[in-house]
Amino acid sequence: MKVTTAALIALLLAISCVLSEAHLDGVPTTCCFSYQQRPVPRGLIASIYITSSSCAQPGVILVTKKKKELCTDPQAPWVQAHLKHFQTPKN
């Protein structure tokens, strides 16, 4: 029982250290650990941004109109199309 408690405390400390590193500059950092596999219709997307270069793997975050954030693969053709659409200046 004591070993389980000690292991749980060690795990929580490790997680808190990792989370504090992500916020060292005062700005929250979102990183992707897995990608949304299915294409997301453009009409559902409110905004889009690229993850920080300090993340372990690259990602593009799609923010839906319902404020849900979806991690996507920046190499996927459908993600590239969304990036072009949202980076094009609107006249």
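Me: Where is Arg38 placed, and why is Arg38 called exposed?

Reply: Arg38 is in the loop between helix 1 (2–22) and strand 1 (45–50). Helices (H or I, at least four residues) and strands (E, at least two) are DSSP runs, numbered from the N terminus. Buried means under 20% relative accessible area, exposed over 50%, and partly exposed in between (1.4 Å probe, protein chains only). The relative accessible area of Arg38 is 66%, and Arg38 is therefore exposed. This is a predicted model, in which local features need pLDDT of at least 70 and side-chain atom pairs count only at pLDDT 80 or more, while totals for chains, interfaces and linings use all residues. Residues are numbered from 1 along each chain as its sequence is written, and side-chain values use heavy atoms, with hydrogens and water left out.

Me: How far apart are Arg38 and Trp78 in sequence and in space?

Reply: Arg38 and Trp78 are separated by 40 residues in sequence, and their C-alpha atoms are 9.3 Å apart in space.

Me: What makes His82 buried, and which residues is His82 in contact with?

Reply: His82, found in helix 2 (residues 77–87), has 6% relative accessibility and therefore counts as buried. Contact means heavy atoms within 4.5 Å. With neighbours within four places in sequence left aside, His82 is in contact with Val40, Pro41, Arg42, Ile45, Ile48 and Leu62. The His82 side chain also reaches the backbone oxygen of Val40 at 2.7 Å. A polar contact is a pair of N or O atoms within 3.5 Å; within protein, one must be able to donate a hydrogen and the other to accept it, and residues adjacent in sequence count only if both atoms are side-chain atoms.

Me: Which residues make up the largest nonpolar core, and which elements give two or more residues to this core?

Reply: A nonpolar core is a set of buried Ala, Val, Leu, Ile, Met, Phe, Trp, Tyr and Cys residues joined through side-chain atoms within 4.5 Å. The largest one has 10 residues in all: Val40, Ile45, Ile48, Val60, Leu62, Leu70, Ala76, Trp78, Val79 and Leu83. Strand 1, strand 2 (60–64) and helix 2 are the elements that give two or more residues to this core. Helix 2 gives the most, with three residues. In soluble globular proteins, nonpolar side chains tend to be buried together.

Me: How do you know that Cys31 and Cys55 form a disulfide, and why is the disulfide called left-handed?

Reply: A disulfide is a pair of cysteine sulfur atoms within 2.5 Å. The sulfur atoms of Cys31 and Cys55 are 2.0 Å apart, and the two form a disulfide. The torsion about their S-S bond is about -80 degrees, so the disulfide is left-handed. The pair links distant parts of the chain, 24 residues apart: Cys31 in the loop between helix 1 and strand 1, and Cys55 in the loop between strand 1 and strand 2. Cys31, at 23% relative accessibility, counts as partly exposed, whereas Cys55, at 10%, counts as buried.

Me: What is found for Cys32 and Cys71?

Reply: Cys32 and Cys71 form a disulfide with their sulfur atoms 2.4 Å apart. Cys32 lies in the loop between helix 1 and strand 1 and Cys71 in strand 3 (residues 69–72), so the pair ties together parts that are 39 residues apart in sequence. The S-S torsion of Cys32 and Cys71 is about -90 degrees, so this disulfide is left-handed. Cys32 counts as buried at 2% relative accessibility, and Cys71 counts as buried at 17%. By this rule the count comes to two disulfides, and their pattern is 1-3, 2-4, with bonded cysteines counted along the chain.

Me: Why is strand 2 called largely enclosed?

Reply: Five of the five residues of strand 2 are buried, so strand 2 is largely enclosed by the rest of the structure. Val60, Leu62 and Thr64 are buried on one side, and Ile61 and Val63 on the other. In a regular strand the side chains alternate between the two faces of the sheet.

Me: What makes strand 1 and strand 2 a pair?

Reply: Two strands pair if DSSP finds at least two bridges between them. Strand 1 and strand 2 have five bridges and pair in the antiparallel sense. Strand 2 and strand 3 run antiparallel and are joined by four bridges.

Me: What is the phi of Lys67, and where is Lys67 found?

Reply: Lys67, in the loop between strand 2 and strand 3, has a positive phi near 70 degrees and is a residue other than glycine. Most residues other than glycine have a negative phi. Lys67 has 67% relative accessibility and therefore counts as exposed.
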